[in-house]
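Below is a short briefing on side-chain packing in one protein model. Please read it with the structure open.

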Amino acid sequence: MCIICVSRSGVRQPGEATIRAMFLNNPHGAGYMAARGGRVQIHKGFMRLDEYLRAIRAECFTPQDSVVYHFRISTQAGVGPEMTHPFPLSTRPERMRQLDLSCRVGVAHNGVIRLTSDPNNKRYSDTAIFVADYLSQILHTRADLRDRRKLSVVYQLAQSKFAIMDGGGYIATVGKFIDERGLLFSNASYLPWRMR
């Protein structure tokens, strides 16, 4: 199912205990994206918690940074670094497999997209296909991320949750998120098992 954690500029970053809980509850790989220099920088494919924590620490994120964290549970295309999130907003599926990249818009997803689910597809997840075939046709400009009608179309098609970031650090969310003192979570798997 996955989990997304959104830290908009002006909001604290999640603590290490929260990062650890999200990774352990969604153990099929992780990634993150941050706005830097007018671009979205994506780093993903972290299959071990210690590697992820080391990368996050090296970033030295502050409350001024816009960051989206993602932790995966595989529903299609197996467990491997290439299908961890975030993905670039692109019409080219092969770009979805890149582990470190810079792009105009980045996308993280939580849920199963029936529209693009294909259990026989071992190379691309339902999310990667949805981003390339649908989302890239709906969102063309930064202004589109603020257009509630377009975001409503995204939700109607996917019936799941997204965090979509532009290079300026604006983060649009699709679907209902839990607000935990400013941090947004796509579900409760940021809590340790005993607290849920």
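Phe23, Tyr32, Phe46, Tyr52, Phe61, Tyr69 and Phe71 are joined into a cluster by ring pairs (rings of Phe, Tyr and Trp, the last by its six-membered ring, with centres within 6.5 Å). The model is predicted: local features need pLDDT of at least 70 and side-chain atom pairs pLDDT 80 or more, while totals for chains, interfaces and linings use all residues. Residues are numbered from 1 along each chain as its sequence is written, and side-chain values use heavy atoms, without hydrogens and water.

**Aromatic pairs**
- The whole structure holds 11 aromatic pairs.
- Tyr32 and Phe61 have ring centres 5.8 Å apart and planes at 85°, so they pair edge-to-face (planes over 60 degrees apart; under 30 is stacked, the rest tilted).
- Tyr32 lies in strand β2 (residues 30-36) and Phe61 in the loop between α2 and β4 (67-71), 29 residues apart.
- Tyr32 is buried at 3% relative accessible area (buried is under 20%, exposed over 50%, partly exposed in between, with a 1.4 Å probe and protein chains only).
- Phe61 is also buried, at 14%.

**Helix packing**
- Helices α1 (residues 16-25) and α2 (residues 49-59) have axes that come within 11 Å and cross at roughly 145° (axes are fitted to C-alpha atoms over the stretch in contact; angles run from 0 to 180 degrees between N-to-C directions; helices are DSSP runs of H or I, at least four residues, and strands runs of E, at least two).
- Glu16, Ile19, Arg20 and Phe23 of α1 contact Leu49, Tyr52, Leu53 and Arg57 of α2 (heavy atoms within 4.5 Å).
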